[in-house]
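Dear colleague,

I am passing on the structure below, together with my notes on what was found in it. Please read the notes with the structure open beside them.

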Amino acid sequence: MIFDNVLDKQHSPKIQLVVTQHKRYYPTMKTVDKSQLKANLLEFLQLVELEGEEILVMNGTKPVVRISQYEKALSTEELFKDMRGKVKYFEDLTTPTTEEWPEV
């Protein structure tokens, strides 16, 4: 697959990145050899940032690293906001337990 002009023509010179898909490891993820990544790193980073693509970097036939957009981790409040007010406690959760756990 060839990508022309990751950025618009005003901001970037014409670039051509050849990216193949490696069906064995990630059927839908684009892959690129590490030597091609080294030569075109900025363009690949722009592709990931602007297009949201994930790229698998290969060393020959071996996958080495996956490049994807950074995703902010959600806070505990954000994760459980839909459950607020719906959970019922039947005893004090801070009371220490005296039960012994059986050996496994």
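The protein averages a pLDDT of 76, and 73% of the residues score at least 70, pLDDT being the predictor's confidence in each residue on a scale from 0 to 100. This is a predicted model, in which local features need a pLDDT of at least 70 and side-chain atom pairs count only at pLDDT 80 or more, while totals for chains, interfaces and linings use all residues. Residues are numbered from 1 along each chain as its sequence is written, and side-chain values use heavy atoms, with hydrogens and water left out. Please treat residues 1-19 with caution: pLDDT stays under 50 there, and the model has 41 contacts for them beyond four places in sequence, a contact meaning heavy atoms within 4.5 Å.

The protein has 3 helices and 6 strands, which run β-β-β-β-α-α-β-β-α from the N terminus on; these are DSSP runs numbered from the N terminus, with helices (H or I) of at least four residues and strands (E) of at least two. Of the contacts with a separation of 6 or more, 37% are between residues 24 or more positions apart.

Buried residues make up 22% of the 104 residues, where buried means under 20% relative accessible area, exposed over 50% and partly exposed in between (1.4 Å probe, protein chains only). The largest nonpolar core has 8 residues, namely V32, L37, F44, L47, V48, I55, V57 and I67; such a core is a set of buried Ala, Val, Leu, Ile, Met, Phe, Trp, Tyr and Cys residues joined through side-chain atoms within 4.5 Å. Both α2 (41-51) and β5 (55-59) supply at least two residues of this core, and the largest share, 3 residues, comes from α2. In α2, E43 and Q46 are buried along with F44, L47 and V48. Beyond four places in sequence, I55 touches M29, K30, V32, F44, L47, V48, V65, R66 and I67.

Just after α2, G52 takes a positive phi of about 75 degrees. The side chains of E53 and K30 meet in a salt bridge at 3.1 Å, N to O, the criterion being a side-chain nitrogen of Lys or Arg within 4 Å of a carboxyl oxygen of Asp or Glu. This pair links distant parts of the chain, with E53 in the loop between α2 and β5 and K30 in strand β4 (residues 30-33), 23 residues apart. K30 is buried, with a relative accessible area of 8%.

L74, in the loop between β6 (62-67) and α3 (76-79), is exposed, with a relative accessible area of 51%.

Best regards
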